[in-house]
Amino acid sequence: MKHLFTIIILAAALLASCSNPQVSSPDGRVTLSLTTDSAGQIYYQVDVDDSTFIAPSRLGLTARDANLASGFTIRDVRHSSSDSVWHQPWGENKEIRDRHNAMTVSLDNSDGVGLTLSFKLFDDGLGFRYSYTVPGADSIIVTDELTQFAIADSAVSWSIPANFDTYELEYREMPLAAVATANTPMTFKTRRGTYASIHEAALTDYPEMTLRCTAPGVFKADLAPWPDGVKARYAGDRVVTPWRSVQIAREAVGLINSPLILNLNDPCVIDSTEWIRPMKYVGIWWGLHLGVETWQNDERHGATTENAKRYIDFAADNNIEGVVFEGWNSGWESWGGRQSFDFTKAYDDFDVTEVVNYARQRGVQIISHHETGANIPNYERQLEHAYAWCDSLGIHYVKTGYAGGIPGGHFRHGQYAVRHYRSVVQTAARHEVSLDVHEPIKDTGIRRTYPNMMTREGAKGMEWNAWSSGNTPAHEVTLPFTRLLSGPMDYTPGTFDILYTKTRHDPRRRKWNDLDRGDSRVNTTLAKQIANWVILYSPLQMASDMIENYEGHPAFQFFRDFDADCDWSRALQGEPGQFIAVVRRAGDRYFLGASTGYEARTLTIPLDFLESGRTYDATIYADGEDADWRDNPTSYRIDRRQVTAADTLTVVMARGGGQAVTFIPAE
Ligand code: NOJ
Ligand code: CA
């Protein structure tokens, strides 16, 4: 620690002597200053409310045959301000304000390398990116990124450990000083009470950034490498990185309400986006994870024509727009082995034409499924053909998956994979297909540029409850403050048979996952499952359970009434890992979701978000008086009453519980 302070003081002394370009947020609370030291190394510092928030921290990259790290002199500094409103076809909020001050700093070094550093300061945080030019180079091999985040104050943090292959890890709450590595978004709250989250935006052709501790509270960018250890490679003489972002807020929910990540992305490049529509869906899925059905074409095959029609009927009869079928195509015998899936060849008991025609007649959208097993070469060989085939059948949604290792020793989060995921988004866009990506590259807000990149997994989702010790009661109240800051998640909430009473002793059930100890269950109350449909935002929102568990269940009315195509959202109250309350408006309906972690909790929520002067029929899906996530998870009650914007709701939640409310204008 002593060593760190010496470095910081030394750096600060060196920096003080140099020119010091600065830019502040429009409200003046956040200020970033840039400095170079006597070796021409570049540093930035961030102050919040006149206190140092990020102490002088290094900027730059290193490359094999070019000096991208030192010898720099500032040549030019430009400032600009912008205040605009833009719209997106779907999202938590369809209208977004982008108000920021920008600073563009041009530097060059003795080796002739040109560097443009772009900074954008918003009231809710900041972003910066590098753009290098190496004159005469025909390729650039990036070997490291030097970006540092030296958090000046002590803090408590929420993150998952860095991992170049998976995000499906348990969140940890721990002192920031104890974090050795972290994936982003990494969220923290300082001793002074500022909430912040480090992440990245517009990851286009670069590896993902993780964070590695170099001294307590000081983190350095650690990029997912290529198999040969190189971090990024480019043909030509330019490197443009994603934005490095730091969201900053006075309240924890301020991070959720911040559109900073989207504001750091490029505008939409798809001319017409009418075909990109949010929807609710069900599917042949949960039975596979519970082990009572299989993906493969055997006697327990889930995706049969008959079963598909049953799901289509259920969707049509319950105001659900979409259906996914997993295990419809050949190749599942090779899952975990050669991973040789065929994305246009159905199993012989799944008649694609019949299913597609039936869905069309019933007005239901099909979400096709492409499990690639992470065999990217196999997928890329079929990509164009597979998406053209979907297009020709009128299939406009595909769920992809990468459960397996990428051939050739590539990391799932390295530049090779980032390029692949992007090319799938672009191919899908050309064929008017929207995507739900499992085992994805993390979200960095590219949905603004490609709104067909609708939702993704990228964290421990519902599936872990089917075949492992599952997700803790704290997990789903941590996600909104961490993973979901990056964008929507296909968590797939809504399992009603929480203790698997209907399937646990089913003679068809077989263990298929090594983590399955036979005691899996969902670690929430039923009301929290319902609340999660609102809280865990996804424009494609699934009701995860097998449809037989919804048939005749009074609480399923919530999902029937729910609208995944919201116009406006607001996180109202919450603390990471403890509780959360979110409201969304879709048309003239409002949906409220509140949930709690391990503790029972009562929230007082003013209904002033409702349109004033209007009366609403509120239907309240609450924990039963004796509900408890561990001992009595399925106890719930449904209350109805009329409310207005002048009312206040008292939300009583059991341990591991929640509450969901629909507000529908009274006639
Ligand atoms: C993992 C995905 O997250 C899950 O949704 C899917 O069912 C399996 N892979 C099989 O593709
Ligand atoms: Ca997964």
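This is a predicted model: local features need pLDDT of at least 70, side-chain atom pairs count only at pLDDT 80 or more; totals for chains, interfaces and linings use all residues.
**View 1. Ligand 1 and the residues around it.** Count the neighbours and you get 13 residues surrounding ligand 1, with His-289, Glu-326, Glu-371, Lys-399 and His-438 the closest. Sorted by type, that shell has six charged residues, four nonpolar and three polar.

**View 2. Side-chain contacts to oxygen atoms of ligand 1.** Glu-326 puts a side-chain N or O atom 2.6 Å from an oxygen atom of the ligand. For His-438, the side-chain N or O atom is likewise 2.6 Å from a ligand oxygen. On its own the ligand exposes 300 Å², and the protein buries 97% of that.

**View 3. The pocket that holds ligand 1.** Ligand 1 sits in the second largest pocket, which has a volume of about 440 Å³. Its lining runs to 30 residues, and Glu-168, Trp-335, Ala-403, Glu-439 and Glu-463 are the closest to the pocket centre. Look for β24 (365–371), β25 (397–401) and α9 (463–467), the elements that each give two or more residues to this lining. By type, the lining splits into twelve nonpolar, ten polar and eight charged residues.

**View 4. The largest pocket.** This one has a volume of about 840 Å³. It is lined by 43 residues, and nearest its centre are Asp-124, Ile-256, Asn-257, Ser-258 and Pro-259. Elements that give two or more residues to the lining include α2 (252–256) and α3 (260–263), while β7 supplies the largest share, five residues. The lining holds 18 nonpolar, 15 charged and ten polar residues.

Notes
Residues are numbered from 1 along each chain as its sequence is written. Chains are lettered from A and ligands numbered from 1 in the order in which they are written. Side-chain values use heavy atoms; hydrogens and water are left out. A residue is near a molecule or strand if one of its heavy atoms lies within 4 Å of it. A polar contact is a pair of N or O atoms within 3.5 Å; within protein, one must be able to donate a hydrogen and the other to accept it, and residues adjacent in sequence count only if both atoms are side-chain atoms. Accessible areas come from the Shrake-Rupley method with a 1.4 Å probe; for residues, only the protein chains shown count as cover. On a 1 Å grid over the protein atoms alone, a cavity is a set of points where a 1.4 Å probe fits but cannot get out, and a pocket is an open set with protein on both sides within 12 Å along at least five of seven lines; lining residues have an atom within 4 Å of a point. A molecule sits in a cavity or pocket if more than half of its atoms lie within 2 Å of its grid points. Ala, Val, Leu, Ile, Met, Phe, Trp, Tyr, Cys and Pro count as nonpolar, Asp, Glu, Lys and Arg as charged, and the others, Gly among them, as polar. Grid points are joined across faces, edges and corners, and a volume is the space filled by probe spheres set on the points. Helices (H or I, at least four residues) and strands (E, at least two) are DSSP runs, numbered from the N terminus.
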